[in-house]
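These are my notebook entries on one structure, written down in the order in which I looked things up.

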Amino acid sequence: MTADTLAKGDGQEASALLARTRETVNPELRRTLAGLPGGMRRVAMYHFGWEGEDGAPTETGAGKAIRPALVLASAQALRGTGRGDAKFEEADAVRAAVAVELAHNFTLLHDDVVDKDVRRRGRATAWSVFGTADAIITGDAMMALALRLLAEDPHPASAEASARLAACIVELCAGQQADCAFEVRPDVSLDECLTMATAKTGALLGCACALGALYAGAGPREADAMDAFGREAGLAFQLIDDLIGIWGDPAHTGKPAGADLLARKKSLPVVAALTSGTEAGEELAALYAGPMEGADVTRAAGAVERAGGRDWAQAHAADRMGRAVQELSRAVPDLAAAGGLLALAEFVTRRTR
C-alpha cells in the first residue's frame, strides 16, 4: 500500500469512525469537565458546544474528534499487527483519548484569544462571550485535567503517555510563539514556516498516535514511528487547513472568507507565495505591508494563487502524506491492519472546507 491508497479511502469509513469515537469519548469527556468549578465548567461546556451562553443545553456538537479518533485507531492498528497486547480493548485507551482532546481544546481556547478570532464552529468564541480571562483560565484548567487523567490512569503506559503529552504541549507552545513572531517579521523563510507548523499542528497529532500505540502495548520504537506518522500527516493537515483559511466557504468554516489573509497571517501558502520571487509575490508583500480590507483580501488571494502558493501547498500536502505512510509502515508493516487510521488521514487531508 502506498500514498496513492489514500486517494481510494472511504470517506464514509472515516465519518463512521469519528462518530463512533464521539460516542465513546464524549461521556468520559463530559464527566471530566463536570469536575471543574462552576464558572470554568460553564465556559468549557459552551466551548464544546454542549451549552449556550445562558447555560441551556444545545446540540451544536463538540468538534470532529479527530485527535481522540487517532488515539483509538492507532491502538487498534498496533493490536492488529501482533506487536501490541492481544488483550487490548478500546475502553483501555479512552482516558488517553480524552486527555488528547482536552489538550487540543486548551490550545483552541488560547489560540482564539491570541488571534482575536470571534467565531469558532459557527458561533461566538468563548473569550468573546465570557471574557479573555475566563477563556484563558478555563484552557489552563483543561490542560491540567488532561495530565491528571493520565496520572490517575492505572494503565501501565500512563506515565510515559503523560510525559509525552507534556513534552508535546511545550513543543506546541513553541510553535504558537513562532507563529505569533512571524506576524511582525518582514521576512520568514519557508523552512521556518514548515518547522513552526510541524510543532504547532503535527506534534499533537503525532502524540495522539504515539499514545494509542503505547496503550495498545507497543514498544517505544513503534510509538516513535507512529509519532512520526502523525507529525507528517499533521503537516499535511495544516497545509490543507491553511488553504481553507484562504479559500474555505464561510458557511462551513464558521469564519469570514479569507480570514487568515484579513489577519495577515503568514500561513504556508502565503509564505510560499511571498518567497516565490514572482511579481505576484511582490504584490502580496505590498498588500501585507498595510491594513487589509475587503477588496484587498480578494486581491491577496489572487496573488497567492498566481505566485504558486496554492499549487505548492496542495502538492506538498500530498508529499507529506506519502512520507506519513512510509513512517506508518515501520510500525505496521501490513497496512491493511491500519485501515481506520488511513481512512482518517485521507479524511483530514482531502477536506475542502
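I looked up helix α17 (residues 339-349) and found that eight of its 11 residues are buried, so this helix is largely enclosed by the rest of the structure. Buried, in my notes, means under 20% relative accessible area, with exposed over 50% and partly exposed in between, using a 1.4 Å probe and protein chains only. The buried residues of α17 are L341, L342, A343, L344, A345, E346, V348 and T349. Helices (H or I, at least four residues) and strands (E, at least two) are DSSP runs, numbered from the N terminus.

I note here that this is a predicted model, in which local features need pLDDT of at least 70 and side-chain atom pairs count only at pLDDT 80 or more, while totals for chains, interfaces and linings use all residues. Residues are numbered from 1 along each chain as its sequence is written, and side-chain values use heavy atoms, with hydrogens and water left out.

**Cores.** In soluble globular proteins, nonpolar side chains tend to be buried together. I therefore searched for nonpolar cores, each a set of buried Ala, Val, Leu, Ile, Met, Phe, Trp, Tyr and Cys residues joined through side-chain atoms within 4.5 Å. The largest has 96 residues, and L33, L102, L165, M226 and L328 have the most contacts inside it. Helix α9 (residues 190-215) gives the most to this core, with 15 residues. A second, separate core of 15 residues includes V270, Y288, A303 and V304.

I then followed L102, counting as contact any heavy atoms within 4.5 Å. Leaving out residues up to four places away in sequence, L102 touches L29, T32, L33, M142, L145, A146 and L149.

**An arginine inside.** Is R164 buried or exposed? R164, which I found in helix α8 (residues 158-182), is buried, with a relative accessible area of 18%. Beyond its neighbours within four places in sequence, R164 is in contact with residues including C207, L214, D224 and D227.

**Rings.** I searched the whole structure for aromatic pairs and found two. Rings of Phe, Tyr and Trp (its six-membered ring) pair if their centres lie within 6.5 Å, and planes under 30 degrees apart count as stacked, over 60 as edge-to-face and the rest as tilted. The rings of Y46 and F130 have centres 5.4 Å apart and planes at 75°, so I recorded this pair as edge-to-face. This pair links distant parts of the chain, 84 residues apart, with Y46 in helix α3 (residues 38-47) and F130 in helix α6 (residues 126-130). The other pair, F48 and W50, is stacked, at 5.3 Å centre to centre with 10° between the planes.

I also looked for charges over rings, which requires NZ of Lys or CZ of Arg within 6 Å of the ring centre and within 35 degrees of the ring normal. The charged end of R30 sits over the ring of W50, 4.3 Å from its centre, and that of R123 sits over the ring of Y46, 3.9 Å from its centre.

On a 1 Å grid over the protein atoms alone, a cavity is a set of points where a 1.4 Å probe fits but cannot get out, and lining residues have an atom within 4 Å of a point. I found three cavities of 30 Å³ or more. The largest cavity holds about 90 Å³ of space, where volume is the space filled by probe spheres set on the points, joined across faces, edges and corners. Of its 13 lining residues, Y46, H47, R120, R121 and R123 lie nearest its centre.

Note on methods:
On a 1 Å grid over the protein atoms alone, a cavity is a set of points where a 1.4 Å probe fits but cannot get out, and a pocket is an open set with protein on both sides within 12 Å along at least five of seven lines; lining residues have an atom within 4 Å of a point.
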